[in-house]
Amino acid sequence: MEFVNKLREKPAVKKFEKFFPAIAFLGGFAWDSITLGQMVYESDILILLAYYTGALILVILLSAQLEHPEGWTTERLQALAEAQAKPKQNTSSATTPPKTHAPAETAIESKFKKAAALLAEKAPAKAIEAANRAAQEAKDAAAKASAQAKDAASKFAKNVGYESTAIPKNAIVVRHRFLDREWSETWKQRFTWAVQFCFGGLFSALVVCYFKSSGSLASFLLVILLAILLVGNEFLQKKYESFGVSLAFFCLLGTMFMNFAIPHLVHRIGFIWFFLSTLLSFGMCMFIWKISHRKKSILVAPALISILLVVAYIMNWVPPVPLVLKQKIACQNFDKATYTCDIDDPNIFQSIGLQIPSVHKVDSSEVYFLASIYAPAKLKAELEYLWYYQDPQTGKYKLTDRISSGRMTLNGGRESGFRTFTRKKNTPPGKYRVEVAYKNGAVIGSGTFEVFGVPPEDGFVRDTLR
């Protein structure tokens with residue numbers, strides 16, 4: 001243990017420890033991306049819904065503020081008055097002697113009083129000094145009583161969760177509301193830790209699911225943005241005290257979550273459902289804003305996020321969740337009954353993905369591209385295939401064919417994915433890329449291969465689309 005303690009005291013190790021939560025989180029995400037996302041169950045949706053509901057409650061709690069900082073509720077005024085009355089009672093009991101029935105004034109006492117009055121007339125300076133001393137003592141006693149009252153008010157304020165303790169002049173008595181308050185630092189910290197946990201759970205699951213469905217560079221950039229926010233979430237616990245920051249993150253996560261969850265309920269995907277997800281998420285932000293009595297400017301960030309997400313969907317930058325490309329094969333001599341075909345015997349580099357597959361055509365055989373796409377049970381979606389050919393001179397891929405038909409209407413529920421295929425007769429030698437996309441929508445996945453006009457040296461092997 002001594003060695004470990006000494007090691008942790010080194011500056012380099014201390015810096016590394018700050019990033020350890022993020023590194024551990026990325027490791028967990030990497031494992032989730034391999035093991036999860038293969039098939040989504042109803043329980044997975046319910047878990048995400050629990051995260052979302054928890055985040056909703058916590059953001060509402062973080063929206064609390066004193067609507068009238070100079071205002072006081074009747075309960076607070078009454079409790080503070082009681083707290084101020086106790087020190088005064090203690091002070092009066094300590095300084096005021098008990099009342100007794102004094103006997104009648106005697107002649108001797110009267111003579112002494114007359115003598116004292118005579119001395120006072122002769123020595124006015126001493127009398128004034130004594131009076132001043134008595135007045136100062138009374139002033140000190142009053143200040144002490146006031147301090148005790150303030151201390152009691154402060155203790156009361158902390159117990160009920162308020163930070164403001166002073167009563168301003170002309171205090172306004174306001175009607176008590178649960179969100180018309182200021183949380184203590186302890187409760188703020190508890191809420192921000194909890195909201196960080198809920199946001200992290202949503203980010204982790206959504207990054208995996210959107211990553212599985214991203215089939216183009218544009219959609220993958222959105223996944224990268226979500227991954228950056230996933231890591232950043234580990235360092236934003238203090239920032240979540242700001243209601244504006246929490247509401248903006250809640251709007252983003254709400255739209256992405258509903259866009260993933262709604263297709264499982266309505267068994268459809270498309271712009272109308274994404275737009276509905278955006279409206280519902282922004283509507284929840286409007287609800288939180290309404291009950292929090294905050295300024296309208298707090299809705300600027302959620303509104304901008306909603307608009308940008310709608311534009312991103314129109315531009316096909318949002319992955320078509322929950323569709324996932326499970327398997328793809330470029331081959332020839334396809335048998336539709338068994339979904340088997342001939343592929344070139346792959347070399348070691350093609351087997352591990354370091355080299356693109358090859359298709360050596362025999363005579364004028366057709367080139368087939370097979371794909372299996374996973375979707376939740378009962379979900380239906382129209383698919384299309386886009387064939388691109390690489391120009392040998394420029395090296396850029398150009399769209400040559402867009403193919404869709406009735407047999408490419410996906411029916412979800414099969415664990416290994418809905419199987420479909422496309423074929424092309426005229427395929428001159430060169431490199432091709434075939435994209436599988438939601439019809440007129442975002443790309444689900446793609447495959448790149450190279451066509452040769454001569455038979456393969458190592459022959460063919462038979463492969464099956466599972």
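1. Two strands pair here if DSSP finds at least two bridges between them. One link to look for is D335, whose bridge partner in β4 is T340. Strands (E, at least two residues) and helices (H or I, at least four) are DSSP runs, numbered from the N terminus.

2. Before going on, keep in mind that this is a predicted model, where local features need pLDDT of at least 70, side-chain atom pairs count only at pLDDT 80 or more, and totals for chains, interfaces and linings use all residues. Residues are numbered from 1 along each chain as its sequence is written, and side-chain values use heavy atoms, with hydrogens and water left out.

3. Now the sheet around that pair. β3 and β4 belong to an open sheet of five antiparallel strands, in the order β10-β6-β3-β4-β13. β10 (418–424) and β13 (460–464) are the edge strands with a single partner each, so one side of each has no neighbour in the sheet. From one strand to the next, the twist averages 45°.

4. How confident is the predictor? pLDDT is its confidence in each residue, from 0 to 100; the chain averages 82, and 73% of the residues score at least 70. Residues 99–104 fall below 50, and beyond near neighbours in sequence this stretch has one contact in the model (contact means heavy atoms within 4.5 Å). Residues 160–164 are also below 50, yet that stretch has 21 such contacts.

5. Next, the rings. Rings of Phe, Tyr and Trp (its six-membered ring) pair if their centres lie within 6.5 Å; planes under 30 degrees apart count as stacked, over 60 as edge-to-face and the rest as tilted. The count comes to 24 aromatic pairs. F369 and Y385 are edge-to-face, because their planes sit at 75°, with the centres 6.3 Å apart. F369 is in strand β6 (residues 367–374) and Y385 in strand β7 (residues 380–390), 16 residues apart.

6. Buried or exposed, what is F369? F369 is buried at 2% relative accessibility, and Y385 is buried too, at 0%. Buried means under 20% relative accessible area, exposed over 50%, partly exposed in between (1.4 Å probe, protein chains only).

7. Y432 and F449 make a stacked pair, 6.0 Å centre to centre with 15° between the planes. Y432 is buried at 1%, as is F449 at 1%. Ring pairs link F369, Y385, W387, Y389, Y432 and F449 into a cluster.

Conventions:
Axes are lines fitted to C-alpha atoms, for helices over the stretch in contact, and angles run from 0 to 180 degrees between N-to-C directions. pLDDT is the predictor's confidence in each residue, from 0 to 100.
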